[in-house]
Amino acid sequence: MTELRESLIRKRYAAERRFRIYGASALVLTAVFLALLLASIISQAVPAFTEKTVVLDVMIDPAEADPANPAAGNYDGMVKAALKQVLPDARNRAERKALNGLLSSGAGDELRRMVIADPALIGQTVTLPVLLSADATLYLKGLQARVAVSAGAAPVAIAPAEGGEGLILTGPGVSTEPGLSPGQIVMSGSAALRITAVESGTASAEALTPIDASLSALTPGTWKTLSFSAPEADRRTSDLQATWLEQLKDAGRIETGFAWRFFTAGDSREPELAGIRGALVGSLLTVAVALALALPLGVAAAIYLEQFAPKNRLTDLIEVNINNLAAVPSIIFGLLGLAVFLNFFGMPRSAPVVGGLVLALLVLPTIIIASRAALKAVPPSITEAALGVGASHQQAVFHHVLPLALPGIMTGTILGLARAFGETAPLLMIGMVAFIADVPHGFTDAATVLPVQVFLWSDLPELAFKNKTAAAIIVLLAVLFVLNAAAIYLRRRFERRW
Amino acid sequence: MFLWAIVLAVLMASGAFLAGRRHALALAVAGEARLHSLPSYHGLLLGAAALIGGLALAIVAGLLLGPQSPLTPAAAVLGAVAAAIPLYRRSSVDFRARNAFERVVMLVLLACSAVAVLTTIGIVFSVLFETLVFFRSVSPIEFLFGLHWSPTGTPPSFGFVPLLAGTFLITLIAILVAGPLGLLSAIYMAEYAGSQLRGVLKPLLEILAGIPTVVLGFFAALLVAPLIRGTGESMGLAVASESALAAGLVMGMMIVPLISSLSDDIINAVPQSLRDGSYALGATKSETIRRVVIPAALPGIVSAFMLAISRAVGETMIVVMAAGLAANLTANPLAAVTTITVQIATLLVGDQEFDSPKTLSAFALGFVLFFFTLILNYIALRIVQKYREQYD
């Protein structure tokens, strides 16, 4: 009998422990999800915050730039010429195109700015960092395909192959560890060979860059091999471009800097030139409109409903409405904006003012509900005391209750703003989803906002834009974090318990 | 130009405020009797009248002549003067300026509250109007019961059933994830966690709740969908790259904080006496929770689930980024399905022609979505109202 009872108790205690573990593991799972989310986004975002440049000595050709009109000069051409001086081996049109492809399409912009600022530079040679293209940058960051560089430890002899096509590599360097394998590139100075086949200690190779006929042997320490985790066809950087980038790296010309451009540039089709300035300004303008509308409307509505509204049908209707609006999907507000503001009132598409209007309606219920809670928390004795010394009801509310409720109202408003700042779906409906390269200057300029920029970039196929998307998300989350921290600070600092 | 009209109206109102206050002060000094209202109320009344008059006339002028017309600022000045002058003439020692001003304030407050009603009316009418236009070219029967959705096909077909099925499939997955996770988290936080642990766990869930859905959508497309595809393929299953499972899982994580915070409040509201009674009968903590606390909190929990379903059905960005575009009528969570919100977003992004059934069908979908979420919210509200405080 006792045994039975004890085993029953043991069972019940085990069930108790199990139940407790279920609860804890639900929370752990949620935390793991959150950690995974943040970790994957941060790890994706990190590369977007640095940019790679190549230091070039650019001769500012007086034939290409006019001191009277420095903005019109052919600066891209000068930068390309400077790169060609460093890497002179491009033999034909396709190779020259590949060489120029290492540079960003905005490579000459920095030089143009310098010359516009100081036209006296024309005719001189300046040394400046020039932005590399997104593909070259990804190669250098090792994000496109993994590149293993190993130093050649043993000597290799080079001889022209019989028949004149290609080269034959022999010697201990071919087979001793790590050895050579097809697809690898052998580099020595500016000479580069691609291994095509390896057979019993002999490797055949083809020249990637012009090879000096006197180069007949590679001594240990003077050569190295590059091996890639993906074949050339699967990479956006060709073998030739890779050897050029390695040469620039060996010459110490590649520099890594913080990508300030990401914060100062508007959107662009080129990943290395694209920035979030336009979206950030658009977000600020949109949220400013939303705040300017929703805060006074929301507070006024809350004061009315909480302090003055008579108990009647109309008040009930308004209350039910506000509660319903709080739960209406945000995309429906986009439909409202499209049908009413754009179609009926003929307001401009993509404009922050329309976005602000839609977001104001979206966060209005949030602000009203938070403000009502804050007003309700002020004890009635405050009102009664004011009424007792002869204040009118409105004087009691506006002079005494409202100032005491203000911290709570501000907290609710900031949380509403945070919601508006992260909202995407309704803005897609009113055209804030267009590609806009310019930074908006006013409330009616075409603009986009930060979450929509995230959405736009996430849709692009380029790998570099994946990093940009994650970086934009980091900025978005940082803004939300600051807003929420401000709300928490306000709550801690000013909240009063009566 | 309209901005100038607003600036001018505000300037005129400030001028009217100063003039009114001065006039009242002069009256108070000159007359023997005391003023009924403080001088600033005379000023405020004049200022409010000038502002409302100026803005009203400027808006009328803007609507008649276009907002860029140079006459709108003039209209603002004219309206302000016309509204303020008669009041200025009327003001006297006995003039009840405070009462008049407070009536104006009350009307303004009422008008602000009515914005919520106006928004609802705006939503219903804008969506309803376009839906009716849509039903002129596509019969409601075809829309509600058609099994094929392809608005851009030739000929286009607008059968809404596959969208509904896709929406329900993703919502179901989301609730299957979020229901147990959210409820168990809430139980743990309310019944087991100490105040210190709660102080860590609550912000954790608040962070998750505050993450914009576009970020969750990116995460779903970047990591979760390839992960599920890889796992599925290693087990020999055919998984679509935009599977319903990926979108549903991430959406489930999105609504975990919603369910857990609502359920947490409800569980905390269950009176302690119920627990004490159960303990006194010898029940363990988990038995008390399962047999006493949860049944007592059930109406609230059901209503929390209703709100969560409504959130999941209306959620847009996660499914736009992680779910498919093809309207497949399937119950396979590994296949790509599309949802109502995805279709609304894809049909309305870019240039719209308001005469084509393709654009209008988005409004019909919006109409369905609006009423569906409305009904869910209403049921949630009624459940809480009906069963609230049953045990007190």
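Is Leu297(A) buried or exposed? Keep that in mind as we walk through this predicted model, in which local features need pLDDT of at least 70, side-chain atom pairs count only at pLDDT 80 or more, and totals for chains, interfaces and linings use all residues. For finding your way, residues are numbered from 1 along each chain as its sequence is written, while chains are lettered from A and ligands numbered from 1 in the order in which they are written.

**Stop 1: all of chain A**

**Stop 2: the domains**

Now colour 48–140, 147–264 and 277–494 of chain A separately: they are domains 1, 2 and 3, with bounds from an automatic or database domain assignment. The centres of domain 2 and domain 3 of chain A, taken over C-alpha atoms, lie 59 Å apart.

**Stop 3: Leu297(A)**

Next, pick Leu297(A), which sits in helix 9 (residues 277–308) of chain A. Leu297(A) is buried because 20 other C-beta atoms lie within 10 Å; the cut-offs are 20 or more for buried, 12 or fewer for exposed, and partly exposed in between, with C-beta atoms placed from the backbone. By this count, 44% of the 498 residues of chain A are buried.

Beyond its neighbours within four places in sequence, Leu297(A) is in contact with Leu364(A), Cys112(B) and Val115(B), a contact being two residues whose C-beta atoms, placed from the backbone, lie within 7 Å. For contrast, select Pro220(A): its C-alpha atom is 78 Å from that of Leu297(A), and the two residues are 77 apart along the chain.

**Stop 4: where the chains meet**

Finally, show both chains together. The contact takes 64 residues from chain A and 66 residues from chain B. On the chain B side, highlight helix 4 (residues 97–137), which gives the most, with 20 residues. That side of chain B has 45 nonpolar, 17 polar and four charged residues (Ala, Val, Leu, Ile, Met, Phe, Trp, Tyr, Cys and Pro count as nonpolar, Asp, Glu, Lys and Arg as charged, and the others, Gly among them, as polar). The model scores ipTM 0.88 and pTM 0.88.

Note on methods: Helix = DSSP H or I, 4+ residues; strand = E, 2+ residues; numbered from the N terminus.
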